[in-house]
Amino acid sequence: MVRTVIRRRKRYLREQDVTVTDPPKVRRAVTAAALGNTMEWFDFGVYAYLAGTLGKVFFPSSSPGAQVVSAFATFAAAFLVRPLGGLVFGPLGDRVGRQKVLALTMIMMAASTFAVGFLPTYAAVGFAAPLLLLVCRLVQGFSTGGEYAGATTYIAEYAPDKRRGFLGSWLDFGTFVGYSLGSGLVTVLTAVLGTDGMTDWGWRIPFFVAGPMGIIGLYMRLKLEETPAFQREEEAQAQARTENDPVEEARQSGKGRLKEIFTRHWQAVLICMGLVLLYNVTNYMITSYLPTYMSQTLGEPETTSQLLVLGTMLLVVLTITTVGRSSDRWGRRPVFMAGSVALIVLASPAFLLIRQGGILLPAIGCAVLGLLLVCFAGTAASTLPALFPTRLRYGALSIAFNISVSLFGGTTPLFASGLVEATGNEMVPAYYLMVAGVIGLVATFFLHETAGRPLRGSGPMVETPEQARQLVARSRTTAGRQARDVWLRVRHLWRGPER
């Protein structure tokens, strides 16, 4: 009888605890989420490749070096408001749903990017021109404060546990496709129109393209359903509200959620910030600063530098889903750790190659940086959401992600260009990357492995009913064995040691 009681007390899975994913819904979720990232990074690619041109258009009274720094300062300003966007959209997504917030951020991103194409120049309205550009960038930054965290949360909560790395990597696939489209468009326009044509009017064209892209993305996101994990959490919260428990109501409030994030999950917040710093310093160094570094600092032709970085992005696009799939097999920690060590060791050699001039050696240096970047890009979307429980996931990830991106990621082009300008040392970007690698290595050391496991606060997710039945059967067998072991220990203590 005692053994029966012990067996019943052991928790084992039931079939209703396991979610069987619907492949068409998973594909729609991944596509719609990735398209939002494509939209966001299309803008980043355009802005990074047009930094020199925008400096001439909106800051014409400055020296060429100061124009670049001013353009990147406007670029970095958008990141200062990202934590505010995270504070608003993240907790809102945990309360009203992921799908609604993702649709709203898509509208704001598309409208603000589209509006840049209509801005008057400094020659037309004077100081009002850079102010208007700043306003558009601030709206973009505020909206993106809820974009990446929401998109990663959405895909993670739809993906089967054993394929979360592969499916999550498609989100950052969209990131680099968007960047490649934006930078590729600027490269083609520069080749066709020339520098003078781009400065006169051609810089507007890439921003006009953002309008139709935003409409397509919004349509796809409005067709999405809520994630299974959020629906279950919403049902549990509705049940708690019917009981009129004042303690639970305070816990579910926005203030209560924020307090819980920083009191009970502060370690996960710090790990998340360290991994985000590692990923985004590498990302923005390559995507936003490297084209300007090669053309303005090293004196390479703009078309050459643009093509080299564009080729690097295409390398990332071709390899990123392979890295995501590998993280499902080998684990998230090994991939992040290998990438961190490699960044520390290879950052300086890569920039030494880039400084050699020509095509071949800089291309090898850029390829090395691209392969380092893909270690983090292919793994981040499946690693970061798994740090937090379902009821706090969107909010906690938004806050941690955006604070780290704002302080360290988005400011990378500004700091790197400012330090190179101040010191005259062209190797400063490499040292910057090495520091990021050390911080990422420390964060990875404290990261718990999550590959193939359910998200915190959620039940297992599988692809077929047969997999669900097998999982339930294994759970019952494991619970039975654990109950047997406990019963043997209790019986041993009851009878006393054999003599």
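Two rings of Phe, Tyr or Trp count as a pair if their centres lie within 6.5 Å, with the six-membered ring standing for Trp. In this predicted model, ring pairs of that kind join Phe58, Trp203 and Phe207 into a cluster. The structure holds 14 aromatic pairs.

How exposed to solvent probe are the two partners, in relative accessible area? Phe118 has a relative accessible area of 54% and is therefore exposed, whereas Phe208, at 32%, is partly exposed.

An aromatic ring also takes part in a contact with a charge. The charged end of Arg325 sits over the ring of Phe166, at 4.1 Å from the ring centre.

Next comes a loop glycine. Gly331 lies between helix 16 (302-330) and helix 17 (332-354). Is Gly331 buried or exposed? Its relative accessibility is 2%, so Gly331 counts as buried. The C-alpha atom of Gly331 is separated by 9.3 Å from that of Thr379, a residue 48 positions away along the chain.

A disulfide is a covalent bond between the sulfur atoms of two cysteines. How many disulfides does a search of the whole structure find? The search finds zero. Among the cysteines, Cys272 has a relative accessible area of 0% and is therefore buried. Cys366 is also buried, because its relative accessibility is 1%.

Which residues make the nonpolar patch of about 410 Å²? Val438, Val442, Phe445 and Phe446 make this patch. Of these residues, Phe445 is found in helix 21, which covers residues 428-445. Phe445 counts as exposed because its relative accessibility is 57%, and a residue needs over 30% relative accessible area, and no salt bridge, to be part of a patch.

Terms used:
Residues numbered from 1 in each chain as written. Predicted model: local features only at pLDDT ≥ 70, side-chain atom pairs only at ≥ 80, totals over all residues. Heavy atoms only, no water. Patch = residues over 30% accessible without salt bridge, like charges linked within 9 Å, V, L, I, M, F, W, Y side chains within 5 Å. Areas by Shrake-Rupley, 256 points an atom, 1.4 Å probe, with all protein chains shown as cover. Salt bridge = Lys/Arg side-chain N within 4 Å of Asp/Glu carboxyl O. Helix = DSSP H or I, 4+ residues; strand = E, 2+ residues; numbered from the N terminus. Buried < 20%, exposed > 50% of the residue type's maximum accessible area, 1.4 Å probe, protein only. Disulfide = S-S within 2.5 Å. Phe/Tyr/Trp six-rings, centres within 6.5 Å; stacked < 30°, edge-to-face > 60°. Lys NZ or Arg CZ within 6 Å of the ring centre and 35° of its normal.
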